[in-house]
Amino acid sequence: MTSIEGRIRVASILVIAGMLVELLSFHWRSPLAFFLFLIGACGITLLGIVLFLISLITVADSPVVDGGRDRPTS
Amino acid sequence: MPLWPLLLALIGLTIVSLIYLAARPSATRGPGGKAFAFLLIFLAPALAIFGGATAHFERSKTTAFCLSCHAMEPYGKSLLVDDKEFVPAQHFQNNRIPRDHACYTCHTDYALFGGVRSKIRGLRHMFVNYFGSVPDTIKLYTPYKNRECLHCHLGMRSFEESSGHKDEETPLADIKSGKVSCMEAGCHDVAHNVHELEDAQFWKPLPTAQEKGE
């Protein structure tokens with residue numbers, strides 16, 4: 001696995017968590033659900049999106065040490 | 001088209017696809033891989049968040065949402081006062097406003113309703129409700145605007161031809177321009193008056209067919 005793929009995995013997990021919190025905020029019948037959506041769902045999802053965008057710009061698509069798996073052969 | 005099914009489908013599809021992507025990030029290799037990741041990690045969540053915000057704002061327009069704050073309970077109670085002087089109660093009980101959106105219909109620029117400034121105030125209200133102290137008397141930020149009345153009453157025959165709306169003291173033009181206030185000119189000045197509810201009689205609506213379980 002390359003380092004950008006590692007970051008894509010983390011970003012995916014963050015966005016999944018954000019989407020789950022968003023679903024929870026729909027289910028919760030309380031004015032606080034809006035805060036949960038705003039701070040929880042938007043915050044976590046935005047973190048995932050930003051991590052993904054930053055990794056696209058900054059991380060070179062190079063292999064990382066991963067027990068030798070997926071290492072490109074010369 | 002209803003928002004909820006589309007939004008839930010979008011969120012569900014995004015979650016399932018992202019689980020696949022998290023399990024196999026190598027799927028982003030190849031010519032379309034990054035575009036696939038961009039779609040799933042940027043576009044779909046951005047759309048879901050936008051849809052979610054819209055859904056939450058729509059929910060904030062419901063009477064149930066407003067009355068879910070403890071401080072708003074007397075205001076909800078005032079909608080059932082059996083007294084024709086109470087303007088909000090008369091509107092609510094006679095279906096002159098939609099009962100499930102009663103608050104929003106008459107307060108279009110209050111709390112989460114209205115523009116950005118109103119929404120920021122609304123967030124502050126929620127914060128104060130849970131973490132601050134709610135004032136004994138809740139006041140509007142600005143005097144009640146005729147606009148809130150006129151968006152329904154303007155052009156209505158019974159309103160335009162009413163003797164009270166075209167006498168010399170209150171010419172219709174002044175009402176329409178806001179020069180004479182509907183609520184504060186001494187004509188329709190009994191609104192929620194929550195401090196007068198102790199001895200009031202209350203109307204009990206008949207249960208609807210849905211409530212009866214038919």
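Start by selecting residues 3-23 of chain B, which form helix 1: at 1.5 Å a residue, its 21 residues should span 30 Å, and the end C-alpha atoms are 30 Å apart, so the two agree. Bear in mind that this is a predicted model.

Stay on that helix and show side chains. Leu7(B), Ile11(B), Thr14(B), Ile15(B), Ser17(B), Leu18(B), Leu21(B) and Ala22(B) are the buried ones to pick out. In an α-helix there are 3.6 residues a turn, so residues three or four places apart point the same way. What do the buried residues of helix 1 of chain B pack against? Color helix 1 (3-27) of chain A and helix 2 (33-59) of chain B, and you have both partners.

Now for the charged pairs. Over all chains, the count comes to five salt bridges; here are some to click on.

Select Glu5(A) and Arg29(B) next: their side chains meet in a salt bridge at 2.6 Å, N to O. Glu5(A) sits in helix 1 of chain A, while Arg29(B) is in the loop between helix 1 and helix 2 of chain B, so this pair joins two chains. Glu5(A) is buried at 2% relative accessible area, whereas Arg29(B) is partly exposed at 37%.

Then jump to Arg147(B) and Glu148(B), whose side chains form a salt bridge at 3.2 Å, N to O. Arg147(B) is partly exposed at 44%, but Glu148(B) is buried at 5%.

Last stop: Arg157(B) and Glu161(B), another salt bridge, at 3.1 Å, N to O. Here Arg157(B) is exposed, with 64% relative accessibility, and Glu161(B) is partly exposed, with 47%.

Terms used:
Residues numbered from 1 in each chain as written. Chains lettered and ligands numbered in written order. Predicted model: local features only at pLDDT ≥ 70, side-chain atom pairs only at ≥ 80, totals over all residues. Heavy atoms only, no water. Helix = DSSP H or I, 4+ residues; strand = E, 2+ residues; numbered from the N terminus. Expected span 1.5 Å × (residues − 1). Buried < 20%, exposed > 50% of the residue type's maximum accessible area, 1.4 Å probe, protein only. Contact = heavy atoms within 4.5 Å. Salt bridge = Lys/Arg side-chain N within 4 Å of Asp/Glu carboxyl O.
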